[in-house]
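Okay, thanks everyone. I'd like to walk through a helix and a few aromatic rings today, so let me put the thing up on the screen.

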Amino acid sequence: FALLFLVYPPGGGALTGAVYSAKGRGTLLGAPAARMEARLAAAGYTVKDSVGEPADHLAVMLDYLGQCLEAEGQQERRQKRQADGVNKETPGEFIRGELCPWLPALDKRCEKVATASDFYPAVVALARAYCAQLAEALE
């Protein structure tokens, strides 16, 4: 875990979108974190300061995605959004806009690090593949 995600660089890869964005390369905060903070606030969520991670951390983003997919499946909530006139992005738009752009770079970085176990590189590869497949399915 430490070699993959805490030793940055040369081998490790942070689990935040800002590190992989064109404008935020090398930083832990940037436009992806700000966008996620706005999404979370609009949904009534926040990342507690005690968590110690920015809003665009992969775990936060995947949890948010799960909440979006769950809400999307509930017809009553969808009708309420329409009645309220709220135009929210779809889960597919979120995946394509926020996760798919940087997960391949994280996956490649994890492939290059020699670790005692393939567990974490496999989890990252699985997350990348799942998000790509889900984005395609939701189009």
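Let's start with a quick one: is Phe94 buried or exposed? Keep in mind that this is a predicted model. Phe94 is buried, with a relative accessibility of 0%.

So who sits with that ring? By the pairing rule there are two aromatic pairs. In one of them, the ring centres of Tyr64 and Phe94 are 4.9 Å apart with the planes at 70°, and since over 60 counts as edge-to-face, that's what we call this pair. Tyr64 belongs to helix α4 and Phe94 to helix α6, so the contact ties together parts 30 residues apart in sequence. Tyr64 is buried too, at 10% relative accessible area.

The other pair is Phe119 with Tyr120: centres 5.0 Å apart, planes at 75°, so edge-to-face again. Tyr120 is partly exposed, at 33%.

Okay, on to helix α7, residues 103-111. Which of its residues are buried? That would be Leu103, Leu106, Asp107 and Cys110. They span an arc of only 100° around the axis, so they end up on the same side of α7. If you want the reason behind that kind of spacing: an α-helix has 3.6 residues a turn, so residues three or four places apart point the same way.

And what do those buried residues of α7 pack against? The list is α1 (2-6), α2 (17-20), α4 (58-72), α6 (91-99) and α8 (119-137). Notice α4 and α6 in there; those are the helices that hold Tyr64 and Phe94. That's my tour, happy to take questions.

Methods
Residues are numbered from 1 along each chain as its sequence is written. This is a predicted model: local features need pLDDT of at least 70, side-chain atom pairs count only at pLDDT 80 or more; totals for chains, interfaces and linings use all residues. Side-chain values use heavy atoms; hydrogens and water are left out. Buried means under 20% relative accessible area, exposed over 50%, partly exposed in between (1.4 Å probe, protein chains only). Helices (H or I, at least four residues) and strands (E, at least two) are DSSP runs, numbered from the N terminus. The arc is that of the directions from the helix axis to the C-beta atoms. Contact means heavy atoms within 4.5 Å. Rings of Phe, Tyr and Trp (its six-membered ring) pair if their centres lie within 6.5 Å; planes under 30 degrees apart count as stacked, over 60 as edge-to-face and the rest as tilted.
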